[in-house]
Amino acid sequence: MPELPEVETVRRTLEQLVTGKTIREVEVRLPRLIRRPDDAALFASLLEGSTIRGVGRRGKYLRILLDGWTLVSHLRMEGRYGLYRTGDPEEKHTHVIFRFTDGTEMRYRDVRQFGTMHLFERDRDLEEPPLNQLGLEPLDPAFTLQAFRGLVARRPTRIKPLLLDQRHIAGLGNIYVDEALHRAGIHPERSAASLRAAELARLHEAIVAVLSEAVEAGGSSVKSYMNGQGEAGLFQLRLMAYGRDGEPCLRCGTTIVKTVVGGRGTHFCPVCQKPKRRGTRVGRSRTGKGESGISPA
Ligand code: ZN
């Protein structure tokens, strides 16, 4: 499932490919992908004649900005956009086609058919579901350490499910949560309330760094996307934890283990990411200057 960096890469690429194009006709072959309005024929007719002015993103959602409309699109597991010339051979699982006046077309393919599209009057989307349910954008300046602390502090929830909850932070998924927790040296099953000030600071920094690096890595694939198959490649970031169970931790050499946390496959290093430490009390380290309580490991 694409997470914030992959969706951001798709956003940048799509923006370059389709901005300025005017929709001549929309063909919806799988009406249940269209969630708003609940009439796919109406969805198609509303978009006809509209010009794409840009592509935005909120969490893992794309926002295709048109004259008068915003199309909110979630790719879920396998959704993909590509730009083609009319008449190009069609690939399987093409469910929605946006035909432009210039003889090109944007095709939406989705093998698993879990993707969704919602159409709103321009910019109204931010005030209504699903986008108004989303929490902070982790790459926004508003995602400060203080804001993060406010989301996390005193919650009894385990830290990994909390980070995955889009109502708190929008855009993190299984891969980048595992990576951020590994980078910060925090066990995924620690309760959020048990994290000390220094650990929260490390985790905040790790979330921003991991996502930024992945966005940067994804950005480098934009060129090949445009020349190639019309699809964004996955990011090229070197993963430290996710998917590496059975392999040595790149920091300490201990074997990375896989477990299940909140129903999600979870990868971590049992040495770098120790379970709850005995005697740890919330708030203790806050008053300490200099000695922040970070163990040297
Ligand atoms: Zn390790």
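**Ground rules.** I noted that this is a predicted model, in which local features need pLDDT of at least 70 and side-chain atom pairs count only at pLDDT 80 or more, while totals for chains, interfaces and linings use all residues. Residues are numbered from 1 along each chain as its sequence is written, and side-chain values use heavy atoms, with hydrogens and water left out.

**Helix 3.** I then went through helix 3, residues 145-152, and listed Phe148, Leu151 and Val152 as its buried residues (buried means under 20% relative accessible area, exposed over 50%, partly exposed in between, with a 1.4 Å probe and protein chains only). Seen down the helix axis, these buried residues fall within an arc of 85°, so they line one face of helix 3; the arc is taken from the directions from the axis to the C-beta atoms. On the other side of helix 3, I found Gln146 and Gly150 exposed.

**Zinc site.** I looked up the protein donors of the zinc ion, which are the SG atoms of Cys249, Cys252, Cys269 and Cys272 at 2.3 to 2.4 Å (donors are N, O and S atoms within 2.8 Å of the metal, or 3.2 Å for Na, K and Ca; water is not among the atoms, so sites may look incomplete). Their spacing in sequence is C-x2-C-x16-C-x2-C, and both Cys269 and Cys272 are buried. The angles among the four donor atoms are 99 to 112°, and the site is tetrahedral, a label that requires all angles of four donors to lie between 85 and 135 degrees.

**Salt bridges.** I read that the structure holds 29 salt bridges, each being a side-chain nitrogen of Lys or Arg within 4 Å of a carboxyl oxygen of Asp or Glu. Glu8 pairs with Arg12 at 3.1 Å between the closest N and O atoms, and because they are four residues apart in helix 1, about one helical turn separates them. Glu137 forms a salt bridge with Arg57, with a closest N to O distance of 3.0 Å, and another with Arg58 at 2.8 Å. Since Glu137 lies in the loop between strand 9 and helix 3 and Arg58 in strand 3, that pair ties together parts 79 residues apart in sequence. Both Glu137 and Arg58 are buried.

Methods:
Tetrahedral: all angles 85-135°; square planar, octahedral: opposite > 155°, others 65-115°. Helix = DSSP H or I, 4+ residues; strand = E, 2+ residues; numbered from the N terminus.
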